[in-house]
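Have the viewer open while you go through them.

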Amino acid sequence: SEQRLQIAAQSAELGTWELDLITKEPVYSERYLAILGFEKNARPSHEELLQRIHPDDKIIRERAIAAALRTGILDVEVRLIHPDNSIHWIRGRGKVFYNESNVPFRMLGTIIDITVEKRAFSALQESELLFKTIANVAPVGLWLTDKEGKNHFVNDTWVEWTGIPVKEQYGNGWLSPILKEDAQRVTGEFNMAATRKEYFTSQFRIRRKDGQLRWCLTEGFPYFNNKGEFEGYAGSVTDITDRKTVEAELEKKVDERTRELNIVNAALEKSNSELEQFAYIASHDLQEPLRKIKTFVGRLQELSNERNDPQAAVYMEKIVNASGRMSDLIRDLLEYSRTTKVIEPPVTIDLNEVLDNVLSDFELMIVQKGAIIKADRLPVLKAVPHQMNQLFNNLVSNSLKFLKENTNPVITITCTSLNDEEKRANKLDSEKEYTRIIFSDNGIGFSNEFSEAIFEIFQRLNPRHAYAGSGIGLSICRKIVANHHGIIKADSSEGSGASFHIILPVN
């Protein structure tokens with residue numbers, strides 16, 4: 001039994017002792033001596049043992065001994081001073097034995113070094129004191145809840161704001177200063193976040209103790225113990241009244257600017273509508289006299305031919321050419337006007353069918369000029385069918401128009417998908433899918449310094465007598481590509497043909 005007791009004491013790092021209360025002779029274990037700072041083979045007397053007790057704690061020990069003699073149980077905590085002047089805490093526990101006359105004659109007990117626990121407890125107290133000091137001087141309200149969502153801490157700032165004593169804030173008391181119109185909503189938002197153990201935030205109004213109505217923003221963060229178990233929330237309350245005032249003023253200004261903008265937009269839409277009506281009427285009214293001019297000029301040509309008047313024939317041909325150019329210009333302007341405003345919704349179309357239709361329209365010209373068309377398989381995408389047809393028509397028309405002398409036209413149409421690097425280079429949405437279609441030809445080309453200018457309306461790089469056209473076709477192409485959130489670029493050099501790169505989103 002004695003061996004078992006020694007093993008148990010050693011395992012628990014306990015020092016055992018025995019004191020004869022009559023002779024004051026002590027008996028102690030090696031661990032006991034080590035805890036008091038004595039060497040292993042030392043044999044200190046009872047008085048030498050008592051000298052190790054901190055002077056400030058000797059009265060504590062004496063009171064504990066006196067209480068033990070009355071109750072039979074010893075329980076005491078005191079500090080020791082080791083030979084190296086280091087301070088150590090011990091806890092002593094023991095039992096008093098009495099003789100037949102009820103006189104105490106013997107005391108047995110144990111001691112254990114609790115220095116580590118005491119230091120940890122002291123550090124915890126210091127940490128708690130530091131936390132409370134920092135919390136109470138913070139310019140925002142601070143709060144803590146338990147795992148049930150009940151408040152068990154608020155700082156002095158929140159108490160100062162609300163004028164409600166700390167104890168009345170505990171549990172759900174912290175809701176009392178919140179306006180009734182906001183309290184139910186805030187409670188619901190907190191309960192929902194607590195159920196999920198997620199970040200919580202809410203805005204509410206409070207009536208401060210000075211009577212002011214203030215806006216507050218609260219944020220709460222769930223915290224967990226070292227086992228990952230949810231312990232509650234730690235949060236703050238910030239006064240955002242000034243911010244709310246600024247936001248309200250900004251919203252008021254935005255509303256005023258929005259109303260002004262709506263008025264301007266309404267006037268602009270009305271003006272655009274009137275311009276569209278004017279363009280339609282003007283085109284209709286202009287086309288009609290042009291048709292009459294062509295008709296009567298044709299008759300005059302017949303008469304001049306009958307009279308064999310060569311000078312009159314020259315004048316008539318000039319009138320016919322001028323009226324034809326004017327008719328083409330009016331038609332192109334109308335097409336440009338329609339392209340500027342997208343009316344038709346985009347649908348899924350096969351660009352291969354669009355290309356086939358355009359090539360079918362140019363079939364006679366392709367045969368006459370001996371043109372060769374090479375085309376990759378084109379994608380299916382979302383677009384406005386009429387505008388895609390117009391885009392392909394204009395590009396193929398240009399390639400067939402701007403030919404080099406004594407050269408059969410070759411039109412090559414290639415198609416590839418854009419990779420991530422190419423999307424970044426062109427500042428496109430990395431999440432979307434894009435296709436690049438390139439129309440290349442072997443025509444006269446142009447200087448690359450004009451690669452942007454050719455897309456401007458009425459921009460011509462060649463004399464009208466050499467190549468027909470109004471200078472609007474490529475402007476229409478850029479409008480169509482822009483309507484589809486794409487990009488069009490030109491690349492060329494004089495005498496080496498031209499390439500038009502079109503990038504379009506698939507959806």
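The points below go from the overall numbers to single strands, loops and salt bridges.

1. Overall picture. Keep in mind that this is a predicted model. The secondary structure comes to 15 helices and 17 strands. Of the 507 residues, 35% count as buried. The accessible surface is about 31700 Å², and carbon and sulfur atoms supply 53% of that. If you look at contacts between residues at least 6 apart in sequence, 55% of them join residues at least 24 apart.

2. The five-stranded sheet. In what order do the strands of the open sheet of five strands run? Going across, you find β2-β1-β5-β4-β3, with antiparallel pairing. The edges are β2 (26-28) and β3 (73-81); each has a single partner strand, so one side of each is left without a neighbour in the sheet. On average, neighbouring strands here are turned by 25° against each other, direction ignored.

3. Strand β1 (residues 15-20) pairs with β5 in the antiparallel sense, over six bridges. As background, strands of a sheet pair through backbone hydrogen bonds, either parallel or antiparallel.

4. The helix across it. Helix α4 (residues 58-71) lies across β3, β4 (87-98) and β5. Its angle to β3 is about 165°.

5. A nonpolar surface patch. I22, F97 and F105 form a nonpolar patch on the surface, and together they have about 270 Å² of accessible area. F105 belongs to strand β5 (residues 104-113).

6. Two positive phi values. The phi of N102 is near 65°, and N102 lies in the loop between β4 and β5. With 57% relative accessibility, N102 counts as exposed. H485 is not a glycine either, and its phi is positive at about 60°. You'll find H485 in the loop between α15 (473-483) and β16 (487-492). H485 counts as exposed because its relative accessibility is 65%.

7. Strand β14 and its partners. Does β14 run parallel or antiparallel to strand β12 (residues 372-375)? The two run parallel, and four bridges join β12 to β14 (residues 410-417). I372 stands opposite V410 in this pairing. With strand β15 (residues 434-441), β14 runs antiparallel, joined by seven bridges. There, C415 has I437 of β15 as its bridge partner.

8. Salt bridges around β3. The structure holds 17 salt bridges. One of them joins the side chains of R79 and D57, at 2.9 Å from N to O. This pair links distant parts of the chain, with R79 in strand β3 and D57 in the loop between α3 (46-51) and α4, 22 residues apart. Are the two partners buried or exposed? D57 is buried, with a relative accessible area of 4%, while R79 counts as partly exposed at 22%. The side chains of E77 and R91 also meet in a salt bridge, at 3.2 Å from N to O. E77 lies in strand β3 and R91 in strand β4, so this pair ties together parts that are 14 residues apart in sequence. E77 is partly exposed at 29% relative accessible area, and R91 is partly exposed at 26%.

9. The D182 network. D182 forms a salt bridge with R205, and their closest N and O atoms are 2.9 Å apart. D182 is in helix α8 (residues 180-196) and R205 is in strand β8 (residues 200-207), so the pair ties together parts that are 23 residues apart in sequence. Which residues make up the network that includes this pair? Salt bridges that share partners join D182, R185, E189 and R205 into one network. D182 counts as buried because its relative accessible area is 5%, which falls under the 20% cut-off.

Definitions and conventions: Residues are numbered from 1 along each chain as its sequence is written. This is a predicted model: local features need pLDDT of at least 70, side-chain atom pairs count only at pLDDT 80 or more; totals for chains, interfaces and linings use all residues. Side-chain values use heavy atoms; hydrogens and water are left out. Patches are made of residues with over 30% relative accessible area and no salt bridge: like charges are joined within 9 Å, nonpolar side chains (Val, Leu, Ile, Met, Phe, Trp, Tyr) within 5 Å. Accessible areas come from the Shrake-Rupley method with a 1.4 Å probe; for residues, only the protein chains shown count as cover. A salt bridge is a side-chain nitrogen of Lys or Arg within 4 Å of a carboxyl oxygen of Asp or Glu. Two strands pair if DSSP finds at least two bridges between them. Axes are lines fitted to C-alpha atoms, for helices over the stretch in contact, and angles run from 0 to 180 degrees between N-to-C directions. Contact means heavy atoms within 4.5 Å. Buried means under 20% relative accessible area, exposed over 50%, partly exposed in between (1.4 Å probe, protein chains only).
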